[in-house]
Amino acid sequence: MRAEAERYEEVDVARRQWSIAGQLFALQAVVVTLLVLAGASGAVWLARSDSQQAAKDEVLAVAKTVARSPEVRTALASPDPAATLQPYAESIRVATGTDFVVVMAPDRTRYSHPNATLIGRPFIGDIGPALAGEAFTITNVGTLGESVRAVVPVYDDRRIIGLVSVGITTQAINRKLLAQLPVLLGAAVPALALAATGSWLLSRRLRRQTHGLGPAQMTRMYEYYDAVLHSVREGLVVLTTDRRVALVNDEGRRLLGLDEDTAVTDRPVAGIDLPPAVAELLASGRDAHDEPVLAGDRVLVANQRTTRFEGAALGTVLTLRDQTELRNLASELDSVRALTEALQAQTHESANRLHTVLTLVELGRADEAVQLATRDLALAQQLTDRVVGAVTEPALAALLLGKSARAGERGVDLVIEPDCRLDDSPLPAADLLTVVGNLVDNALEAVAGTDPPRRVRVYVGAVGDDIVVRVGDNGPGLDPDRVADAFRRGWSTKSAGRGLGLALVGQVIRRHGGRCDVAAADGGGTVFTVRLPIPEGRS
């Protein structure tokens with residue numbers, strides 16, 4: 001019982017997993033076979049109908065010809081009609097290929113018949129219309145079996161003196177029809193073979209396109225596919241080999257700023273309003289791994305690769321992850337880390353100074369010990385007081401102190417402008433950190449490797465209706481022809497740079513409707529001045 005149950009289960013699984021191509025082929029084969037059989041049956045029926053009609057026309061024509069023969073009228077008037085009519089009727093029957101030619105009296109007495117023993121006996125069948133003067137055809141059963149017969153009256157002037165009946169048996173008609181069957185089969189069999197071949201080719205193509213999947217598998221695949229596309233937290237863009245958009249999921253539309261009503265499917269990449277960096281990456285078709293790109297106000301991480309199946313390229317798949325918030329957090333973390341590193345460096349320096357002070361005290365040189373301790377403390381406290389007093393935004397103040405410590409480690413003099421002042425920033429702190437942090441980092445990189453003195457000057461404050469951030473350096477300067485390129489993602493003066501800092505600054509500027517001026521500094525170097533409008537009601 002268990003073996004039988006397992007066998008039924010295997011059959012059921014095979015039936016449920018039967019591919020769409022196989023089911024379509026089976027359905028087409030059944031339908032085509034039924035159509036061919038129906039057509040052949042219809043052709044046989046029409047042929048049989050035509051054969052019967054031809055037989056009726058033939059027997060009627062022969063009967064009329066015999067009935068109009070003078071020999072028949074003369075024989076019917078003779079004392080022994082059968083002696084003349086029997087050989088005459090047989091000669092007509094043989095000549096025309098009919099099965100019987102019967103000449104009879106109006107009272108049904110036969111004068112001729114293929115079976116001579118039946119001469120003189122009554123004719124079997126309907127003769128009523130002929131006695132009324134009407135020639136007719138009928139299918140009836142007689143001594144030779146079922147036959148198609150015609151009965152025609154024989155006139156002597158206007159008087160009916162006899163009847164002529166000519167017939168062809170149904171069996172003879174069927175033999176003629178059977179002789180036509182090879183022709184019908186010769187047409188039906190090639191038609192069936194051609195239809196079966198076409199169905200097989202179509203099912204083979206469909207099997208290749210559906211990879212042999214069954215309806216249940218494809219339904220389940222579509223449901224999972226649709227669910228994943230709408231729920232995944234990564235943007236997905238699929239392109240065909242000719243760079244046309246095949247699919248964009250919901251998250252992809254959101255990240256790329258595409259409305260739900262915007263038709264993008266089956267459109268070329270060049271014809272869609274995409275962020276320039278994303279459009280360039282899609283149009284290139286190159287592979288990309290965790291590559292940062294800018295899309296409006298967002299920083300996206302892009303991964304792109306060419307998809308293949310059985311060695312053939314199907315297109316490219318681009319995945320996008322939103323890292324805008326992560327970048328902002330990373331910027332704040334960099335500031336905290338810089339401040340921590342600065343504190344660690346100061347800890348080491350303080351330990352060294354403390355040992356020096358203690359040694360001076362032990363040597364009895366107390367005045368010099370006090371002078372050394374108070375001088376360094378005053379300088380550090382002066383910088384801290386100036387930054388904290390000028391900038392009340394804690395995160396921004398921590399950023400500037402951290403950058404100052406880092407600059408000191410690199411041998412760069414980071415100068416906070418004396419008139420720097422910013423109370424209760426009306427702009428998001430994250431945006432200010434992005435602008436100030438990246439401009440200062442770029443300035444530090446610009447003066448790195450140059451001859452001392454190396455200096456970076458920073459100003460942050462409210463001027464009129466704008467928040468102004470100005471960062472200058474005395475580095476080699478920036479070529480005026482490259483200013484526009486500097487704010488493009490990927491451009492960098494560093495050989496190993498990612499070229500993202502100024503691009504992020506440009507993103508903040510565009511988001512707030514501000515502007516950035518780049519000018520040459522006095523004595524060499526470059527000054528970046530960013531102006532961000534203060535929102536109405538916050539000034």
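In which strand is the place of Asn140? Asn140 sits in strand E2, residues 136–142; helices (H or I, at least four residues) and strands (E, at least two) are DSSP runs, numbered from the N terminus.

1. Ground rules. This is a predicted model, where local features need pLDDT of at least 70 and side-chain atom pairs count only at pLDDT 80 or more, while totals for chains, interfaces and linings use all residues. Residues are numbered from 1 along each chain as its sequence is written, and side-chain values use heavy atoms, with hydrogens and water left out.

2. The chain overall. There are 15 helices and 14 strands in the chain. Of its 539 residues, 37% are buried, where buried means under 20% relative accessible area, exposed over 50%, and partly exposed in between (1.4 Å probe, protein chains only). Among contacts (heavy atoms within 4.5 Å) with a separation of 6 or more, 54% link residues 24 or more positions apart.

3. Back to Asn140. With a relative accessible area of 23%, Asn140 is partly exposed. Leaving out residues up to four places away in sequence, Asn140 touches Gly125, Asp126, Gly145, Glu146, Ser147 and Arg149.

4. Ser112, a buried loop residue. Ser112 belongs to the loop between strand E1 (100–104) and helix H5 (128–131), and counts as buried because its relative accessibility is 0%. Its side chain makes polar contacts (pairs of N or O atoms within 3.5 Å; within protein, one must be able to donate a hydrogen and the other to accept it, and residues adjacent in sequence count only if both atoms are side-chain atoms). One of these goes to the backbone oxygen of Val101 at 3.0 Å, and another to the backbone nitrogen of Val103 at 2.9 Å. Beyond four places in sequence, the residues that Ser112 touches include Leu85, Gln86 and Ala89.

5. Helix H4. Those three residues, Leu85, Gln86 and Ala89, are among the buried residues of H4. Helix H4 (residues 81–96) has 16 residues and reaches 22 Å from its first C-alpha to its last, close to the 22 Å expected at 1.5 Å a residue; the expected span is 1.5 Å times one less than the number of residues. Gly97, with a positive phi near 75°, follows H4.

6. The largest nonpolar core. A nonpolar core is a set of buried Ala, Val, Leu, Ile, Met, Phe, Trp, Tyr and Cys residues joined through side-chain atoms within 4.5 Å. The largest has 35 residues, and Val456 and Val458 touch the most other members. Its largest share, nine residues, comes from H13. Apart from it lies another core of 28 residues, among them Ala55, Ala75, Leu76 and Val154.

7. Helix H13 and what follows. The 19 residues of H13 (residues 429–447) should span 27 Å at 1.5 Å a residue, and its end C-alpha atoms are 27 Å apart, so the two agree. After H13 comes Gly449, with a positive phi near 85°. In the loop between H13 and E11 lies Pro453, which is joined to Pro452 by a cis peptide bond with omega about -5°.

8. Strand pairing around E11. Two strands pair if DSSP finds at least two bridges between them. E10 and E11 run parallel, joined by four bridges, and Val415 has Arg457 in E11 as its bridge partner. E11 and E12 are antiparallel, with eight bridges, and Val460 stands opposite Val469 in E12. Two residues lie between the strands of the E11 and E12 hairpin, where Gly464 has a positive phi near 65°.

9. Arg108 has a positive phi near 85° and lies in the loop between E1 and H5. Asp157 has a positive phi of about 60° and is found in the loop between strand E3 (145–156) and strand E4 (159–169). Arg108 is partly exposed at 27% relative accessible area, whereas Asp157 is exposed at 72%.
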